[in-house]
Amino acid sequence: MSESRSEDAVPNGAAHNTSTEPHVARPNIGNRVTVVLGAQWGDEGKGKVVDLLAQDADIVCRCQGGNNAGHTVVVDSVEYDFHLLPSGIINPKVTAFIGNGVVIHLPGLFEEAEKNVCKGKSEYEGVLVRSRKGGEVKGLQEQAGKNLGTTKKGIGPVYSAKAARSGLRICDLMSDFTQFSERFKVLASQYQSMYPTLVIDIDGELSKLRDYVEKVKPMVRDGVFYMYEALHGPPKNILVEGANAALLDIDFGTYPFVTSSNCTVGGVCTGLGMPPQNVGEVYGVVKAYTTRVGIGAFPSEQFNDIGELLQTRGKEVGVTTGRKRRCGWLDLVLIKYAHMINGFTALALTKLDILDVLPEIKVGVSYSVDGENIPNFPANQEVLQSVEVQYDTLPGWNSDTSAARTFDELPENAQKYVRYIEEHLGVPVKWIGVGKSRESMIQIF
């Protein structure tokens with residue numbers, strides 16, 4: 001016969017605790033960050049959304065990628081290009097924070113700041129660009145990797161060095177330069193053995209880096225401590241600017257034609273050293289059609305007059321690479337997939353005005369292989385290359401939307417296009433872009 005147990009018996013010999021409250025109160029969550037992420041293959045117009053939100057921000061952060069990112073912002077008819085600096089730095093009151101998940105090419109960082117200062121933003125001179133200092137990896141994108149990788153910026157080689165534990169960090173540069181130099185030489189030697197035609201002026205590069213030590217030292221903070229203080233101090237508006245986009249994520253993107261970092265929402269936590277409970281609004285940025293730079297599967301790509309029209313009207317040329325972007329219809333299958341990963345709380349729909357001249361507009365709503373619908377976004381490139389896209393066809397509006405400043409000012413069919421996207425995805429559209437300038441972003445709620 002089994003032995004009876006009392007109702008209060010505690011299994012596994014654990015001590016019984018009669019208290020209903022924890023001994024220590026649960027910690028306060030503190031401030032939450034607002035995140036802006038690309039929902040396609042990049043080039044969606046994230047910089048414009050960040051520029052809008054940065055007007056009320058105290059801190060704007062980059063959490064991953066490097067100067068392979070390219071964001072363009074137009075303010076007062078002046079166009080600013082950003083690659084490493086968060087584009088929200090245009091706000092003179094904001095602090096720009098570059099987290100441990102970002103790989104940095106120091107000469108490029110300062111060149112970018114000086115170039116934008118010359119365009120009239122003198123307030124850059126007083127803004128700290130704070131970088132991670134301490135135990136977490138902070139890649140240095142040096143000459144050893146500068147001319148390698150998909151964007152010729154050395155991003156892949158630097159993240160590879162990080163994974164191989166041979167990378168160089170900002171904290172290494174800030175401490176013992178002799179030890180840093182030895183490690184730099186070892187890394188350079190490794191690259192030269194892998195790429196025999198690669199020429200590196202090791203002494204010249206080290207001399208440049210030594211000169212940067214004093215320049216960058218006042219800008220460096222321990223990133224985990226800095227973010228913790230920002231999250232748990234007085235109320236602050238903290239904005240996180242994602243680089244690249246969901247379908248370029250190293251884990252969830254169209255591998256192997258992806259970038260080398262996590263550009264989905266998980267990269268915010270690992271790239272800034274902050275917990276997920278502090279992630280607040282997550283805004284997905286979606287272009288009103290689809291573009292992609294470089295090779296890789298692109299189911300809704302249009303090899304016809306439509307693709308050419310979108311490329312020409314949209315001026316679809318990469319900010320970072322100068323390459324023409326491939327163009328096609330909006331693909332809601334991949335946006336749904338991006339939403340599954342990121343949990344978008346609202347969307348920004350950009351470049352709606354590019355569709356103004358089309359009599360009808362197609363939207364990809366499902367994929368099939370060999371005549372059978374597939375329920376999920378394919379992980380395998382060969383499968384993705386072979387899918388057929390099922391489209392819904394919506395009427396165009398054949399009128400200029402660029403002067404619209406409210407949702408009601410948009411043509412009826414343009415409004416229906418927006419509502420169709422919302423209903424299909426189950427995510428509200430908060431902003432609609434109808435031009436390049438800050439004023440061309442319509443806010444719905």
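Among the contacts in the protein chain between residues at least 6 apart in sequence, 75% join residues that are at least 24 apart. The structure described here is a predicted model, and its protein chain contains 12 helices and 18 strands. Of the 445 residues in the protein chain, 53% are buried.

Two helix pairs illustrate how elements of the chain pack against one another. The crossing of α2 and α6 is left-handed. On the side of α2 the contact is made by Leu106, Pro107, Phe110 and Glu114, while α6 contributes Leu209, Tyr212, Lys215 and Val216. When the residues of this contact between α2 and α6 are divided by class, six are nonpolar, two are charged and none is polar.

In the second pair, the axes of helix α10 (residues 332-342) and helix α12 (residues 412-425) come within 10 Å and cross at roughly 50°. Helices α10 and α12 are therefore oblique to each other as well, but the crossing of α10 and α12 is right-handed. The residues that make the contact are Leu332, Ile335, Lys336 and His339 of α10, together with Tyr420, Ile421, His424 and Leu425 of α12. By class, the contact of α10 with α12 comprises five nonpolar residues, two polar residues and one charged residue.

Leucine 355 is located in the loop that runs between strand β13 (346-350) and strand β14 (360-369). With a relative accessibility of 0%, leucine 355 counts as buried, because the term applies to residues under 20% relative accessible area. If residues up to four places away in sequence are not counted, leucine 355 touches Ala288, Tyr289, Leu310, Ile361, Trp397 and Tyr417. Leucine 355 and leucine 309 are separated by 46 residues in sequence, and their C-alpha atoms are 9.4 Å apart in space. Glutamine 311, by contrast, has its place in helix α9, where this residue is buried with a relative accessible area of 13%. Residues up to four places away in sequence again being left out, glutamine 311 touches Glu316, Val317, Lys324, Arg325 and Cys327.

According to an unreviewed UniProt entry, the annotation "binding site" covers Val319, Thr320, Thr321, Gly322, Arg323, Lys324 and Arg325. Among these annotated residues, Lys324 and Arg325 are also touched by glutamine 311. Glycine 322 is found in the loop between helix α9 (305-313) and strand β11 (326-328), and this glycine is partly exposed, with a relative accessible area of 47%. The unreviewed UniProt entry also carries the annotation "active site", which covers Asp43, His71 and Lys162. One of these residues, lysine 162, lies in helix α3, a helix formed by residues 155-163. Lysine 162 is partly exposed, with a relative accessible area of 30%, a value that falls between the limits of 20% for buried and 50% for exposed residues.

Notes:
Residues are numbered from 1 along each chain as its sequence is written. This is a predicted model: local features need pLDDT of at least 70, side-chain atom pairs count only at pLDDT 80 or more; totals for chains, interfaces and linings use all residues. Side-chain values use heavy atoms; hydrogens and water are left out. Axes are lines fitted to C-alpha atoms, for helices over the stretch in contact, and angles run from 0 to 180 degrees between N-to-C directions. Helices (H or I, at least four residues) and strands (E, at least two) are DSSP runs, numbered from the N terminus. Angles under 35 degrees count as roughly parallel, over 145 as roughly antiparallel, 65 to 115 as roughly perpendicular and the rest as oblique. A crossing is left-handed if the near helix is turned anticlockwise from the far one by less than a right angle, and right-handed if clockwise. Contact means heavy atoms within 4.5 Å. Ala, Val, Leu, Ile, Met, Phe, Trp, Tyr, Cys and Pro count as nonpolar, Asp, Glu, Lys and Arg as charged, and the others, Gly among them, as polar. UniProt positions are given in the numbering used here, feature names are shortened, and annotations may be inferred rather than shown by experiment. Buried means under 20% relative accessible area, exposed over 50%, partly exposed in between (1.4 Å probe, protein chains only).
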